[in-house]
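Subject: Structure handover

Hello,

Here is the structure I said I would pass on. My notes on what was found in it follow below.

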Amino acid sequence: MRLRRNQFCPIHRSRFCCGREMTPRERRPRQMGVRRIEDPRHPRGYRELRSNAEMRKLMNQKIALQHGKCALCGEKFTDYNDVVPNHISPRGMDGAWRDDHPDNIQAVHWWCNGEKGSTRE
């Protein structure tokens, strides 16, 4: 019987024994941090794309700057899970212009974001 790649060997209690060859997996690089994309059509001359971790950091800053209130309805946030980023200039309207710059992001409730949809303020 042949052991699978990630299966422990019951004899040696190891994953790297009994003639198994580790097949290299293709790893695609993860987007880390903030990527700046040069775009001459954009008013700033560039756009920013943020990783999930960077977006979370930015959201924490925005919540503090907005004094814990939703930018759309003005109500206080009661649960961190209700807070989502809202693009002032939406991603959906100009997909090629997607921009995660701090000036384009605000913290809002998820239901307020759904009501706003893809409209500009």
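D39 counts as buried, because its relative accessibility is 6% and buried means under 20% relative accessible area, with exposed over 50% and partly exposed in between (1.4 Å probe, protein chains only). The side chain of D39 meets that of R47 in a salt bridge, at 3.1 Å from N to O. A salt bridge here is a side-chain nitrogen of Lys or Arg within 4 Å of a carboxyl oxygen of Asp or Glu. R47 is buried too, with a relative accessible area of 12%. Salt bridges that share partners join D39, R41 and R47 into one network.

Please keep in mind that this is a predicted model, in which local features need pLDDT of at least 70, side-chain atom pairs count only at pLDDT 80 or more, and totals for chains, interfaces and linings use all residues. Residues are numbered from 1 along each chain as its sequence is written, and side-chain values use heavy atoms, with hydrogens and water left out.

The structure holds five salt bridges. Another of them is between D99 and R44, at 2.3 Å from N to O. That pair links distant parts of the chain, 55 residues apart: D99 is in the loop between β3 and β4, and R44 is in the loop between β1 and β2. D99 counts as buried at 5% relative accessibility, while R44 counts as partly exposed at 31%. E48 also forms a salt bridge, with R50, and their closest N and O atoms are 3.0 Å apart. Both E48 and R50 are buried.

Now the overall layout. The protein chain has two helices and four strands, in the order β-β-α-β-β-α from the N terminus on. Helices (H or I, at least four residues) and strands (E, at least two) are DSSP runs, numbered from the N terminus. Of the 121 residues of the protein chain, 30% count as buried.

Strand β1 (residues 34-38) runs antiparallel to β2, and five bridges join them; two strands pair if DSSP finds at least two bridges between them. The bridge partner of E38 in β2 is Y46. In strand β2 (residues 46-50), five of the five residues are buried. Y46, E48 and R50 point one way from β2, and R47 and L49 point the other way.

Y46 also has charges over its ring. The charged end of R36 sits there, 3.7 Å from the ring centre, and so does that of R44, at 5.2 Å. The criterion is NZ of Lys or CZ of Arg within 6 Å of the ring centre and within 35 degrees of the ring normal.

Strand β3 (residues 83-87) is joined to β4 by five bridges, and the two run antiparallel. V84 stands opposite V108 in β4. Five of the five residues of strand β4 (residues 105-109) are buried, so β4 is largely enclosed by the rest of the structure. I105, A107 and H109 are on one side of β4, with Q106 and V108 on the other.

K62 lies in helix α1 (residues 52-65). Leaving aside its neighbours within four places in sequence, K62 is in contact (heavy atoms within 4.5 Å) with P102, I105 and A107. K62 is buried yet has no salt bridge, and the nearest side chain of opposite charge, D103, is 5.5 Å away. For charge, Lys and Arg count as positive and Asp and Glu as negative; His and the chain ends are not counted.

Regards
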